[in-house]
Amino acid sequence: MKQVVHLNINGSPYDVMVAPNATIADVVRRQLGMTGTKLGCEQGDCGACTILIDGKSHLSCITLAVASEGKEIVTIEGLEQNGKLDPIQQAILEKQGVQCGICTPGVIMSAKGLLNENPKPNHEEIVVGMSGNLCRCTGYEKIFDAIEAVVEGEYDDAATPQVGAE
Amino acid sequence: MYLPSFQYLAPKDTGELAALLSDHGDNARILSGGTDLLVQLKNSGADLGYVIDISGLEKLSEISYDDTNGLVIGAAAKLDDIMALPVVKEKYFALYQAIETIGARQIRTMGSLGGNICNASPAADTPPALVAFNAEVSIASDAAERQMPLVDFIQGNRKTDLGKGEYLKSITLPVPAKNSGSAYHHFRVRGGMEIAMVAAALSIQLEADNGTVKDAVIALGVVGPAPIKAEDAAKILIGQKPNEELLQSVSQACADISQPIDDFRASAEYRKEILRVLIEEAFDEAYAQVAG
């Protein structure tokens, strides 16, 4: 039986009619048209669907929408502020951390969650912290380079929205 | 890939949870982090009556430590919250190591300790570590509450002692003795999002003055349908000063009682060999924590 849930996504309230078995990924992609969140394996292995819930990285393909009322949800669409990309987005772009692109939104949201938890990770902590995101183009080094550049402050003058971070 | 249909119930307190389980227990699954349950439901495709979500129950998410009761972890406490507590790294290092190896950051953020236990996968990381600390579980229903050792609670592959209407409430790890150390070692091929092929956890207590072993608990993981408490192997250590030969007989005793599977990832014979190495490595690490 469908019910109305009140979701807070990227700072905006949405009242959505959902079935109990709808995941956040289903709701943002199919009902709200935010297709930036990607679905890869759809069973919690690949990290492509990573979003932030209350500032932490979560897998939206195995998170129920009905269980997410009252939480602050941020998708890739929520990072850009006033026409400026988030530093991680800018770094991934400039350091060529994108190949085919399907893993990219999840990688960025995962990196965002990592830096919320640990703003100054070293290389090893970045590698381990990003181990839940698969890139089948295997472009990991460029992704790590981009995150390291952000950690080292190279993108400090980019927009620094702290959406979802406490 | 869609989830099968079900009704979603989110009890507001443990009383309501117990009542819901009493009414719907045989047609319901308990949802905590969802990292196992929702994946299983997607793969099974079979419709289900109810999913009962306990992740919002604060009482089941509490973690506390004191020098009398030890570490008490609510069944729904998140893996990363447990790992972040200094006392866990300091006094229950094997548990810290076991949690650290689970899945990846997203999985540890979402997953709970109770879920890792109740899912009862033979390859689960935390149960062997918990067994090495003689963990006890509290099981509750609307009628009663009971306690039992974790090693008896997990009965086999995907099988626990939970009866109809019951839920796992908390996990208690006694205060470690003075001069004790612990370690969890596992074997796998990739770095992340992988399950262990063999695992070993142990906790040891040394005599204060001369480095002989006063007490030891050894737990074997992934080499049987449920964690194995290697009591005879642990006895070999007690009262002894460790040396290479002694450790070899301990690890041999562990390999002898292990029942690993034989599959495409590794043969049973190989897994037994790896188990011996893990036991010896884990012992060395735990010993060094105390003896320096």
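**A helix pair in chain A**

Modeller: In this predicted model, helix α2(A) passes helix α5(A) in a right-handed crossing. Two packed helices are described by the angle between their axes and the distance between the axes. Here α2, residues 87-94 of chain A, and α5, residues 140-151 of chain A, pack at an angle of about 135°, and their axes are 8 Å apart. Angles over 145 degrees would count as roughly antiparallel and 65 to 115 as roughly perpendicular, and α2(A) and α5(A) are therefore oblique to each other. On the α2(A) side the contact is made by A:P87, A:I88, A:A91 and A:I92, while α5(A) contributes A:I143, A:A146, A:I147, A:A149 and A:V150. The residues of this contact divide into nine nonpolar, no polar and no charged.

Turning to the domains, the assignment for chain A gives domain 1 as residues 3-78 and domain 2 as residues 87-151. The C-alpha centres of these two domains of chain A lie 21 Å apart, and their contact takes 15 residues from domain 1 of chain A and 13 residues from domain 2 of chain A. On the side of domain 1 of chain A that touches domain 2 of chain A, β3 (50-53) and β4 (56-59) of chain A each supply at least two residues, and the largest share, three residues, comes from β3(A). The residues on that side of domain 1 of chain A divide into six nonpolar, seven polar and two charged, whereas the contact of α2(A) with α5(A) has no polar and no charged residues.

In chain B, a sheet can be followed strand by strand. This open sheet of five strands has the order β4-β5-β10-β6-β7 in chain B, with antiparallel pairing. Strands β4 (63-66) and β7 (145-149) of chain B stand at the edges, each with a single partner strand, so one side of each is left without a neighbour in the sheet. On average, neighbouring strands of this sheet are turned by 20° against each other, direction ignored. Within the sheet, β6 (residues 136-140) and β10 (residues 167-173) of chain B pair in the antiparallel sense over five bridges, and B:A140 stands opposite B:Y167 in β10(B).

Notes
Residues numbered from 1 in each chain as written. Chains lettered and ligands numbered in written order. Predicted model: local features only at pLDDT ≥ 70, side-chain atom pairs only at ≥ 80, totals over all residues. Pairing = 2+ DSSP bridges. Helix = DSSP H or I, 4+ residues; strand = E, 2+ residues; numbered from the N terminus. Axes fitted to C-alpha atoms, helices over the stretch in contact; angles between N-to-C directions. Domains from an automatic or database assignment. Contact = placed C-beta atoms within 7 Å. Nonpolar A, V, L, I, M, F, W, Y, C, P; charged D, E, K, R; others polar. Parallel < 35°, antiparallel > 145°, perpendicular 65-115°, else oblique. Left-handed = near helix turned anticlockwise from the far one by under 90°.
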